[in-house]
Every structure is written in C-alpha cells, then in structure tokens.
Amino acid sequence: MAGASGYAGGEILRLLLAHPQIEVGTVTASSTVGERLGSIHPHLVPLADRVIAETTPETLSGHELVFLALPHGHSAALAGQLPESVVVVDCGADFRLESAQAWTTFYDTPYAGSWPYGMPELPTGAGSRQRDRLAGATRIAVPGCYPTAVSLALAPGFAAGLLEPDDVVVVAASGTSGAGKSLKPHLLGAEVMGSMSPYGVGGGHRHTPEIEQNLSRAAGETVQVSFTPTLAPMPRGILATCTARLRPGTDVTRVRAAWVAAYGDEAFVHVLPEGSWPATGAVTGSNHVQLQVAVDDRLGRVVVVAAVDNLTKGTAGAAVQCANLALGLDETLGLPVAGVAP
Ligand SMILES: NC(=O)C1=CN([C@@H]2O[C@H](COP(=O)(O)OP(=O)(O)OC[C@H]3O[C@@H](n4cnc5c(N)ncnc54)[C@H](OP(=O)(O)O)[C@@H]3O)[C@@H](O)[C@H]2O)C=CC1
Ligand SMILES: CC(=O)N[C@@H](CCC(=O)OP(=O)(O)O)C(=O)O
C-alpha cells in the first residue's frame with residue numbers, strides 16, 4: 001500500500017482489515033517514513049505497530065497487488081517499474097483520461113496514458129458495463145470522487161437515450177477529506193467550519209473531463225457538462241445535484257424506470273424509493289451510492305441527486321472493488337454495505 005499515511009490510503013487499509021482474501025503487506029509513504037502507522041491512523045488498531053517504509057519499486061515489489069494512493073503525477077514512474085503481472089490499482093488521476101488533450105488542459109504533469117477505468121457499474125453501451133474491462137486487468141485507474149457520484153447519477157439517462165447531451169448542469173458538495181491531508185490554508189478549521197464555498201467555478205475543475213468521458217461513453221455521443229464543486233463543513237461525503245434536459249417527447253414514466261432498471265442488479269448503487277432522498281450521512285463509511293431521480297415537468301428536466309462517501313465508494317471502496325474484479329474474487333468481498341450513523 002503506497003500512500004498509507006494519507007486519507008485514501010488509510011481508508012483502503014481500514015477496508016482491507018475486513019477483507020477475507022487480501023492481507024496487508026508493506027505500507028509506504030513519504031514524509032512519514034519511519035513512523036508507526038498507529039501514530040497517523042489511530043483508528044487502524046490492528047496495524048498500529050506497522051512502520052511506514054519508503055515508496056520505491058523495491059519496497060512494493062513482491063506483492064501480488066499494489067494500491068497507489070499518491071499525489072497526482074507520481075504513479076506512472078512507480079508503476080512502470082513494477083512487473084506487469086502485479087495488479088496495480090491507482091487512486092490518483094494519472095491514468096483516468098483517454099484524451100491527451102483533455103489531460104493537458106486540466107493537469108500540469110505530462111500525459112501518462114490511460115488504464116481501464118475502475119467504475120464497474122458504468123453502462124458503456126449496448127448493454128455492457130465497465131466491469132467487463134476490469135476482470136483480470138493488471139492496471140486499473142480508480143475514478144475521482146465527484147466523477148463517481150455524478151457519472152453514476154446521470155449515466156442511466158444517457159444510456160437509455162433520454163437526455164440531451166449539451167445541457168447538463170451539476171453542483172456538488174464535498175467534505176474536506178476530499179482535498180487530502182496536506183496542509184491547505186483555505187481548509188483550516190476556521191475557514192471551513194460553519195461555511196460552504198464554491199471552487200473551480202467556470203468549468204475549471206479537473207473532474208469535468210472525467211465526467212464528460214464517462215457520460216459520453218454511456219451516451220455513445222459527446223456529452224458536455226457544467227460542473228461546480230463546493231466545499232462543505234463535514235469530514236466525508238459528496239452530495240451531487242445533477243440536472244439535464246430531457247429529449248423532446250420523453251415519456252416521464254420511462255425516466256424512473258430507466259434508473260431503476262440500470263441499477264436493479266447492482267450491489268452498491270441504489271435508487272431509493274420514491275419520496276426518499278439521498279443524504280451523505282446515510283452512506284458514511286459504506287461502499288454505497290444512493291440515488292433519487294425526479295422530473296421537473298415544467299422545464300422538461302431530470303433532476304438526479306447522488307450521495308457517496310468520497311473516501312469509500314469515492315476512492316478506497318472502488319479500489320478494493322476493482323482489485324476483487326482484477327483478482328477474480330467476488331466483487332463485493334470485504335466491502336461495507338452499511339453506513340455509520342448518526
Ligand atoms: N481524498 C479523497 O477523497 C480522494 C483522493 N483520491 C486520490 O487519492 C490519492 C491520495 O489522496 P489522499 O489520500 O486524499 O491524499 P493525502 O494528501 O491525504 O495523502 C497523500 C499520500 O501520498 C504520500 N506522498 C506524498 N508525496 C509523495 C511522494 N513524493 N512519494 C511517495 N508518497 C508520497 C503521502 O505520504 P506522507 O504523508 O508520508 O508525506 C500520503 O501517504 C490522490 O491522487 C487523490 O487525488 C481520489 C479520490 C478521492
Ligand atoms: C474537496 C476537494 O478538494 N476534493 C478534491 C477532489 C478529490 C478527488 O476525487 O480527487 P482526485 O481526482 O484528486 O483523485 C478536489 O476538488 O480537488
């Protein structure tokens with residue numbers, strides 16, 4: 001586990017402690033090398049005495065499976081030095097985008113290429129799902145947290161041909177752990193507590209091309225998205241409110257049916273009963289995505305609300321789910337299906 005001292009790495013370790021088939025091997029990081037894991041993640045009691053090692057190909061080699069939870073731009077060099085037979089599951093953005101142009105527009109490191117994208121439930125056209133590309137894969141790019149919520153929220157409508165591709169508006173709120181552990185002056189307690197604020201406004205957030213890539217794949221045509229993230233005074237969770245214009249003549253009774261049918265067989269994506277609404281508190285610590293879909297008849301728009309835990313289904317849970325698929329295990333092994341509430 002590389003990046004073990006971070007938020008995503010800590011969450012992967014928490015999940016692996018409950019996994020019946022995967023054992024935690026070497027834990028590595030950077031500035032915390034030599035420290036006890038217990039001093040950084042006191043909640044990971046059974047791993048408290050593990051000592052953090054340096055992140056090098058040597059310390060990571062010898063494992064069948066390696067999770068990378070490093071800052072953007074660090075995965076390519078490391079993964080390139082690990083044998084092809086090792087399953088590498090990367091929580092960073094380095095290998096998520098298929099378009100080099102999109103990458104260079106939104107990121108400031110060189111384009112490294114793309115790996116199979118780790119969102120098993122994503123409809124990818126003609127009745128197929130992204131999980132078909134993950135079984136047996138040895139390199140997997142775990143999605144970003146906002147793209148998880150937004151893509152799973154809107155993909156059923158695009159896959160069913162119900163939505164216009166050029167009028168999609170998303171506003172999403174995230175808890176502060178989404179920004180990682182390193183010190184950021186705008187994320188001090190005094191700045192965050194009791195206050196919500198937008199960022200990346202005006203189409204500048206780097207998750208925009210990732211969301212567009214996913215929805216375009218589901219739609220079979222280019223989808224464009226106006227995406228505005230906001231920061232919410234909570235440690236975990238994303239609540240995404242996604243609206244799109246319905247195609248003319250769309251029968252509104254088909255709308256709910258499309259979403260229910262899309263996820264009826266999925267273990268981790270749930271369309272709530274009519275009248276119930278997703279809440280971040282209901283998915284805290286669980287690998288679930290909660291969805292609700294409504295139609296604004298007056299404006300001819302669909303409104304889909306999604307809740308995920310950014311650290312569980314939004315990163316670490318997806319990473320473990322993908323590792324299960326890559327290793328030929330039951331996709332749901334070791335993954336929490338109940339949240340922590342209140
Ligand atoms: N937080 C979230 O909700 C999500 C995160 N992700 C992605 O997961 C990855 C990790 O994010 P997160 O856990 O939040 O980040 P953190 O800042 O919390 O953790 C970063 C980790 O990377 C290590 N690290 C930093 N620099 C280096 C380096 N040069 N070489 C080796 N290791 C290094 C840190 O070690 P040390 O502490 O020892 O310096 C730490 O373990 C990122 O790519 C992020 O984008 C994806 C989806 C959601
Ligand atoms: C609240 C917050 O700051 N969230 C992060 C997204 C976290 C995530 O999913 O990140 P990666 O694409 O970096 O893996 C952000 O907006 O940059």
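This is a predicted model: local features need pLDDT of at least 70, side-chain atom pairs count only at pLDDT 80 or more; totals for chains, interfaces and linings use all residues.
Student: How far apart are the ends of residues 2-130?
Tutor: Their end C-alpha atoms lie 25 Å apart, and the span is 24% helix and 9% strand (DSSP runs, H or I of at least four residues for helices and E of at least two for strands, numbered from the N terminus).

Student: Which residues come nearest to ligand 1?
Tutor: G6, A29, G92, G180 and K181 do, out of the 31 residues around ligand 1 (C-beta atom, placed from the backbone, within 6 Å).

Student: Which helix gives the largest share of that shell?
Tutor: Helix α1 does, with three residues, and both α1 (7-16) and α10 (312-326) supply at least two residues each. By class, the shell around ligand 1 divides into eleven nonpolar, 19 polar and one charged (Ala, Val, Leu, Ile, Met, Phe, Trp, Tyr, Cys and Pro are nonpolar, Asp, Glu, Lys and Arg charged, and the others, Gly among them, polar).

Student: And what is around ligand 2?
Tutor: The shell consists of G92, A93, G144, C145, S174, G178, A179, P229 and L231, which by class makes five nonpolar, four polar and no charged residues.

Student: Switching topic, at what angle do α6 and α9 pack?
Tutor: Helix α6 (residues 145-159) and helix α9 (residues 252-263) pack at about 110°, with their axes 9 Å apart (axes are fitted to C-alpha atoms over the stretch in contact, and angles run from 0 to 180 degrees between N-to-C directions). The two helices are therefore roughly perpendicular (65 to 115 degrees).

Student: Which residues make the contact?
Tutor: From α6 they are P156, G157 and A159, and from α9 they are A258, W259 and A262 (C-beta atoms, placed from the backbone, within 7 Å), giving five nonpolar, one polar and no charged residues.

Student: What about the backbone: which peptide bond is cis?
Tutor: The bond from A341 to P342 is cis, with omega near 0°, and P342 sits in the segment after α10. A126, in the loop between α5 (100-106) and β5 (139-141), has a positive phi of about 50° although it is not a glycine.

Methods
Residues are numbered from 1 along each chain as its sequence is written. Chains are lettered from A and ligands numbered from 1 in the order in which they are written. Angles under 35 degrees count as roughly parallel, over 145 as roughly antiparallel, 65 to 115 as roughly perpendicular and the rest as oblique. Two residues are in contact if their C-beta atoms, placed from the backbone, lie within 7 Å.
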